[in-house]
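This report goes through selected features of the structure shown here. Contacts between chains come before local details.

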Number of protein chains: 4
Amino acid sequence: MGSTWGNKFKISIFGESHGNGIGAVIDGLPAGIAINPEHIQHELNRRAARGNPLATPRKEGDQIEILSGVFNGKTTGAPLAGLIRNENTRSGDYAKTKDLMRPGHADYTSNIRYGGFQDYRGGGHFSGRLTAPLVFAGAIAKEILRAISPQMEIGSRIVAIADVKDKAINDWRVYCHLKNDFINPAFPLYDAKLEVAMKAAIISAMEDEDSVGGIVEGFITGSLPGIGNPFFESIESRLAALLFSIPAVKGVTFGAGFETASKRGSEVNDALRMRDGKIETVTNNNGGINGGISNGMPIVFQVAFKPTPSIGKEQQTINIAALKDATLKIEGRHDPCIVVRAFPVVEAVTAICMADFLLR
Amino acid sequence: MGSTWGNKFKISIFGESHGNGIGAVIDGLPAGIAINPEHIQHELNRRAARGNPLATPRKEGDQIEILSGVFNGKTTGAPLAGLIRNENTRSGDYAKTKDLMRPGHADYTSNIRYGGFQDYRGGGHFSGRLTAPLVFAGAIAKEILRAISPQMEIGSRIVAIADVKDKAINDWRVYCHLKNDFINPAFPLYDAKLEVAMKAAIISAMEDEDSVGGIVEGFITGSLPGIGNPFFESIESRLAALLFSIPAVKGVTFGAGFETASKRGSEVNDALRMRDGKIETVTNNNGGINGGISNGMPIVFQVAFKPTPSIGKEQQTINIAALKDATLKIEGRHDPCIVVRAFPVVEAVTAICMADFLLR
Amino acid sequence: MGSTWGNKFKISIFGESHGNGIGAVIDGLPAGIAINPEHIQHELNRRAARGNPLATPRKEGDQIEILSGVFNGKTTGAPLAGLIRNENTRSGDYAKTKDLMRPGHADYTSNIRYGGFQDYRGGGHFSGRLTAPLVFAGAIAKEILRAISPQMEIGSRIVAIADVKDKAINDWRVYCHLKNDFINPAFPLYDAKLEVAMKAAIISAMEDEDSVGGIVEGFITGSLPGIGNPFFESIESRLAALLFSIPAVKGVTFGAGFETASKRGSEVNDALRMRDGKIETVTNNNGGINGGISNGMPIVFQVAFKPTPSIGKEQQTINIAALKDATLKIEGRHDPCIVVRAFPVVEAVTAICMADFLLR
Amino acid sequence: MGSTWGNKFKISIFGESHGNGIGAVIDGLPAGIAINPEHIQHELNRRAARGNPLATPRKEGDQIEILSGVFNGKTTGAPLAGLIRNENTRSGDYAKTKDLMRPGHADYTSNIRYGGFQDYRGGGHFSGRLTAPLVFAGAIAKEILRAISPQMEIGSRIVAIADVKDKAINDWRVYCHLKNDFINPAFPLYDAKLEVAMKAAIISAMEDEDSVGGIVEGFITGSLPGIGNPFFESIESRLAALLFSIPAVKGVTFGAGFETASKRGSEVNDALRMRDGKIETVTNNNGGINGGISNGMPIVFQVAFKPTPSIGKEQQTINIAALKDATLKIEGRHDPCIVVRAFPVVEAVTAICMADFLLR
């Protein structure tokens, strides 16, 4: 329960880290939308971060096979199913330590929730690997949006890694071209000079057999005003639900977020102005959303990722079979900082959310 | 669209600030649960903040009439509908300025979304007044939880108002008795001495015809481990969706939230330990949730409220009929700080979320 | 659970036969649709069958109060809630016999389902009275369809009462004007001469303190081809689900229904032909639906209603409190044949179904 | 849209007759349920009717690969995905005649619905082949029911083929052992002697390059009373929705169905009686359901299947590209009577429906 989402762009994701395969079925697609396999694979490759020395050395091919729903290169209107076979799995790594609950992971909670029947290998269905089906579904969503809302652009940037923070963007006009301005799209920063310091923070954590967290900022530009439904289908409600589905996310804010809490209404209210015959706001403290509905300004939100819980350092935990205290050193392959692979996932769920709003 | 929520505790809320009435229908309730009208009214009174000089002077009676679903004091298993008549409405206040889009409000976005047909009086369906049906539904949810999960307690505290901040609670055991320790339950603070400074900040804003925001922390104690479903029905996903439905919420975090982003895994991972035969974590940086599922520790989350957008100060805006720049001074009755009335709403949606998880 | 329905035209119905009131909340309506209170009341009056000597003598005022969602005579896009107060209830009639399970009613099953906590008065939430909220929602749906699909017409006729059967309509063109051809719209028959015999069958049953069943045929004309979604949202699936929600319905067929089972493909397949530049079928054995999707021909379906289970004749039953055999003579006011009031309900749920398909 | 169903046993089916594969994802399964691959394959084989000379000669291997959700032979609580590769497809058969809309098929309606982008080969997503994923999901549902409601048995029988009709079963006790009494479980008849005549009717149609329809009766025994929710989630509503999802179904009745329409209440009401300390009904005209809720008697329902629309005889139709009248002789492989393969599908969706009701 819980792996199905959507009113109009309905996704059902499946798979485990070390099972036969992972994938997604998408129901609700309109017919006649061109599906470019290269676009899909490109998004999967961004997430896979192949060749990135800062990412897990596990070679995830992430080759997607489309099983249904596409005919002659276009959607048919029938469900589109995609399958990624698992490869390069070393399940043995996990069997040895299956009773040692990895702190910060879902090992203990899934054990309780599923009575010990969960697939414990590599976190099973809870694995970050399940973000690949999300990215696949997001890539399909991007194809849909490209066709039905061509102005809309979905982007993201790394705002912080560990304590290295990129600066805030106070002028919303910057977001309108930001996606094209990244010097290194594989490490998207507003201030590209911070890449060195951020990577150093990751390497430092790696050397200590530790990990670091970070912050991703997502943005949607060129969106039309009038998207979203109060109350429970506000943009914030729908998008936050998807963002919190991404493993390791511990916080989501829109616009100026928690900073608005310490300010006055006269500072936070975004004054409306006519400009060249169009309605704009002067500031964008509300992140492009009022009353849960888009106002036409860039939709901007921040997502906090905690440090990857898998670390090599020895940790205190329990042995769930023996019900005794224990210590654990996690071996195997891990991402020292999930943020460098997570921003495409943020974009993917954003595209899914927007497609769900915009499809009929 | 969007005023309906829930898988098992299904709510449908309706009404406008100045229409005939507001209310909610709740479908999915088990039969035989005692409904105490005093409990319900108590929750509505907490939200109404009657007599509180810091709240809007609008006299909202908020007397609930239960239309169906209760027989001989107990739920029947059929839908439970509740109706609150609107009283003391001064609709004329709004007609004069209906074309002046109040900054920070849903006036402009609802105008676009509904083509000008929305009920503009007092914000219509977008009004904070619609939190009364949420509190009503939450009160019913609390009755359900009292019956089916008696250990579970849902509480909240004010963490910040303007720039006056209460301290962080680092020991999760504090939450287990916090609800009973508040010196002023109508202004729940960990450090009760801050009440004076917080109220002073509100009064200062009032005097300036302005408003202030703040932060509410919600917590659930006595919850069983094993609640929640990855991915899209994680506790974070479901609860955040409801929290972001509350007007003025701009951020939601769980556990240590954005602070985890700047830390290392070894600092954020909550070590598991056996204690008196039970499994506990030493710290609670994950806010009682791993992999979207409760781990038995207190579930803790923070909610950022922006300052009330209705302020008396003159603001820049547009006239939507004339498509011209304009200025606006909002008259009428407003809350200078919604936080003092919002914490019961935070508790209400938390109860709704938990009832939805726990009902069969 | 179960009183909520719809993907886009979402309804939540509530109420009991002898509670404070019954009603419905409709979420998902577009803004700007004119709502004519006379249209709504007209539909409710058709169901109430006031003054009809063949219907229950209970005077059900069925005056609807619209609580929300309409402003200046048009929908606002916010949920539309309607309330009908219960009047003229004689609850005492039911208390005396509450332990005697009325055969054919939901008394026993609701007792099991809700552990005895259900409102037993007049069938509670199971009462045929709950079809009034359905008719209210259907009337709103008709207003929507009038605006967004003006050619579409929804009608119904009585096909049989007891063993008096009206003839089959083999030429689908007849349906295109049938609604306007009924000689007595309050007793809609293809062959109007049968009214006398049908009413005689009802009166005969009344005199015997018994009841009779019958068949209603619904039809939709002027519908566009291309409505419906395989598999689970076929027109048949969606419409049958709603039709079977009407109390006393025991069968639903589309087109030639069970007759197709005994025929050959060459007889049942509807040949396609061009006619005046448009695509038509020669016959309409498939009832206007292929593969769950409308083909542009009239959508035709039949609905079997069993005889009203409330009869004055003595019946064998059990006493649920004593767990003993018992006999029961039901007193009070009953419909000897629900069909004369049910055809507007069939139309109502058909309108709800079509609105759900056609809204975006 | 429309290939997803379920509140608690959520299925998403995908695939086309001639695409890469067909399958289903099932979300909402409890953990720890034994999944016996032989049981699954047995159900698929019943539907495939391999070796049956009366079924299509297409060799459908229908080997299912479980991709996820099962670990060490038991469900994990994560989504269970199953994939059947398409084999032995002769797509060329269909390309030649793709513009000739096969009467009685979804060719024309899907062309309208999907703007010509649908996969036309073998009916694409509308193919009867898509009942294989339904049977797969039903087999999983049967495993669940076996574990959580061991008394429940789901069975079916062929009631009619063409104009050869088996007799009605008036004593509900017969259903309690009927499943074990079938002389030929691959052709389940109450009166086994009719097999010859029924098969003769099929062969006669085959020889005429035609097809025949029939009726299947489904039954559920050993079910507990108290399953079902008024209004929209009555057993009838939920089950009928699934039954009408099966291609070629044109009618669904419960209990005495349309026969109740011509009878009196005193004949149709099922008298309740105590018998050996248990509550029973004397007759079962209501098919085990009152007010949408099971009463503990066998749940009995009939399903009308129209004749397979694919026939070899020449038919009148249109050419959708030329918008001209045309004639069509369908070549390739067809079932002369779908009923002989459809009864396991009826059982499958019944199991899905019951699992959806009974899961928490």
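## Basis

The structure is a predicted model.

## Chains A and B

The contact between these chains takes in 88 residues of chain B and 88 residues of chain A. By class, the side of chain B that touches chain A consists of 40 nonpolar, 34 polar and 14 charged residues. Chain B is superposed on chain A by a rotation of 180° with 0.0 Å of shift along the axis, at an RMSD of 0.0 Å. This is the relation of a two-fold axis. Of the interface residues of chain B, 100% are also interface residues in chain A, so the two copies meet through the same surface.

Strand pairing also links the two chains. Strand E11 (residues 249–254) of chain A and strand E11 (residues 249–254) of chain B run antiparallel and are joined by three bridges. Within this pairing, Thr253(A) stands opposite Gly251(B) in E11(B).

## Chains B and C

In this interface, 37 residues of chain C meet 37 residues of chain B. On the side of chain C that touches chain B, at least two residues each come from strand E2 (10–14), strand E3 (21–27), strand E4 (64–68) and strand E6 (74–75) of chain C. E3(C) gives the most to that side, with four residues. The residues on the side of chain C that touches chain B comprise eleven nonpolar, 19 polar and seven charged.

## Helix H1 of chain D

Helix H1 (residues 37–48) of chain D contains twelve residues. From its first C-alpha to its last, H1(D) reaches 16 Å, close to the 16 Å expected at 1.5 Å a residue. The residue that follows H1(D) is Ala49(D), which has a positive phi, near 50°.

Which residues of H1(D) are buried? They are Ile40(D), Glu43(D), Leu44(D), Arg47(D) and Ala48(D). Viewed down the axis of H1(D), the buried residues fall within an arc of 140°, so they line one face of the helix. Their cover includes strand E4 (64–68), helix H4 (131–148) and helix H9 (339–358) of chain D. On the face turned away from the buried side, H1(D) carries the exposed residues Glu38(D) and His42(D).

## Lys96 of chain A

Lys96(A) lies in the loop between helix H2 (92–95) and helix H3 (107–113) of chain A. Is this residue buried or exposed? Lys96(A) counts as exposed because it has 9 C-beta neighbours inside 10 Å, and the cut-off for exposed is 12 or fewer.

Lys96(A) and Gln302(A) are 206 residues apart along the chain. The separation of their C-alpha atoms is 38 Å.

Notes
Residues are numbered from 1 along each chain as its sequence is written. Chains are lettered from A and ligands numbered from 1 in the order in which they are written. This is a predicted model: local features need pLDDT of at least 70, side-chain atom pairs count only at pLDDT 80 or more; totals for chains, interfaces and linings use all residues. Two residues are in contact if their C-beta atoms, placed from the backbone, lie within 7 Å. Ala, Val, Leu, Ile, Met, Phe, Trp, Tyr, Cys and Pro count as nonpolar, Asp, Glu, Lys and Arg as charged, and the others, Gly among them, as polar. Copies are superposed by least squares on the C-alpha atoms of residues with pLDDT of at least 70 in both. Two strands pair if DSSP finds at least two bridges between them. The expected span of a helix is 1.5 Å times one less than its number of residues. A residue is buried if 20 or more other C-beta atoms lie within 10 Å of its own, exposed if 12 or fewer, and partly exposed in between; C-beta atoms are placed from the backbone. The arc is that of the directions from the helix axis to the C-beta atoms.
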